[in-house]
Amino acid sequence: MSSPSRPAPPGDAPDDAPQPSDQRPATLDACRRCDLWRHATHGVPGDGPTPAPVMVVGEQPGNQEDLAGKAFVGPAGRLLDEAFEKAGLSRESVFLTNAVKHFKWELRGKRRLHKTPAQREIEACGYWLEDEFERVAPRVVVALGATALKAVLGVKATALRKVLGQPIEHEGRTVIPTYHPSYALRVPDPAAREAAFDEIVAALKLAAKFSGKAARKGAGKTVVKRSAAARSAPESAPKPRPKSKPKSKPKPAAEP
Ligand code: URA
């Protein structure tokens with residue numbers, strides 16, 4: 001059972017359960033577009049400079065991110081920091097965010113364990129990702145894992161392994177799919193773990209290459225750090241998404 005001081009774990013609503021995804025909340029804290037807010041401590045917005053040449057998109061906040069209200073501060077974030085370092089790309093130069101902004105979890109003993117977000121939750125949260133795309137205007141987007149890739153391409157299914165590390169041109173941006181750092185942390189076989197980490201590094205290197213010098217370490221980009229208060233009260237409500245925006249078919253991108 002959940003502790004009284006913590007929100008209760010999410011239930012398993014079916015994917016077609018009704019949800020108020022037509023709401024246009026002004027702030028993440030006011031978001032009720034799906035039910036995940038009920039079970040989270042904080043909504044976790046993206047963080048980094050706006051605009052930024054590179055945006056890195058993860059899946060959803062984990063336990064530590066939920067408590068801190070900040071993306072990628074737990075174990076996956078630490079591995080991602082190592083990958084940034086090895087790729088020669090500074091974390092401060094990229095905009096780091098998640099496809100879904102509230103932690104979805106289930107209780108196992110006393111631990112809150114990650115649960116993969118449902119398609120309807122990814123779609124509901126697309127409202128915030130679209131807002132971030134507008135503010136950040138990235139040239140390159142690194143998608144960490146299948147959930148991020150689905151959210152970024154606006155599709156319901158992807159074969160991540162088939163497109164790993166292959167740049168995809170989509171809506172004027174280059175999308176680079178790679179593994180999620182949590183995958184690289186949990187693969188039992190050390191060689192496979194190292195290979196997964198190397199894939200992430202290669203994707204970040206490619207992102208730096210595609211985005212040009214601006215994203216490279218020491219390029220002197222101004223970092224706009226938003227306070228916790230500002231993070232929960234964005235400047236303005238995101239613009240409404242067109243209801244049935246045609247999704248352009250992703251095309252492989254040419255080398256720069
Ligand atoms: N995993 C993610 O996808 N995002 C985070 O912020 C942390 C862990």
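Guide: Let us start with pairing: two strands pair if DSSP finds at least two bridges between them. Strands (E, at least two residues) and helices (H or I, at least four) are DSSP runs, numbered from the N terminus. This is a predicted model, in which local features need pLDDT of at least 70 and side-chain atom pairs count only at pLDDT 80 or more, while totals for chains, interfaces and linings use all residues. Residues are numbered from 1 along each chain as its sequence is written.

Visitor: How do you know that strand E1 pairs with strand E5?

Guide: E1 (residues 54-58) is joined to E5 (residues 140-144) by 4 bridges, and the two run parallel. Because at least two bridges are required, E1 and E5 count as paired. Within E5, Val-142 is the bridge partner of Val-56. E1 is also joined by 4 bridges to strand E2 (residues 95-98), again in parallel, and there Phe-95 is the partner of Met-55. E5 in turn has 5 bridges to strand E7 (residues 173-178), also parallel, with Pro-177 in E7 as the partner of Ala-143.

Visitor: What makes strand E1 largely enclosed by the rest of the structure?

Guide: A residue is buried if 20 or more other C-beta atoms lie within 10 Å of its own, exposed if 12 or fewer, and partly exposed in between, with C-beta atoms placed from the backbone. In E1, 5 of the 5 residues are buried, so the strand is largely enclosed. In a regular strand the side chains alternate between the two faces of the sheet. Val-54, Val-56 and Gly-58 point one way from E1, Met-55 and Val-57 the other way, and all are buried. E5 is likewise largely enclosed, because 5 of its 5 residues are buried. From E5, Val-140, Val-142 and Leu-144 point one way and Val-141 and Ala-143 the other.

Visitor: Why is Phe-72 called buried, and why is Glu-171 called partly exposed?

Guide: Phe-72 has 25 C-beta neighbours inside 10 Å, so it counts as buried. Glu-171 has 14, and therefore counts as partly exposed. Phe-72 lies in the loop between helix H1 (63-68) and H2, and Glu-171 in the loop between strand E6 (168-170) and E7.

Visitor: Why is helix H2 called oblique to helix H7?

Guide: H2 (residues 75-87) and H7 (residues 190-211) pack at an angle of about 55 degrees, with their axes 8 Å apart. Angles under 35 degrees count as roughly parallel, over 145 as roughly antiparallel, 65 to 115 as roughly perpendicular and the rest as oblique, so H2 is oblique to H7. Here axes are lines fitted to C-alpha atoms, for helices over the stretch in contact, and angles run from 0 to 180 degrees between N-to-C directions.
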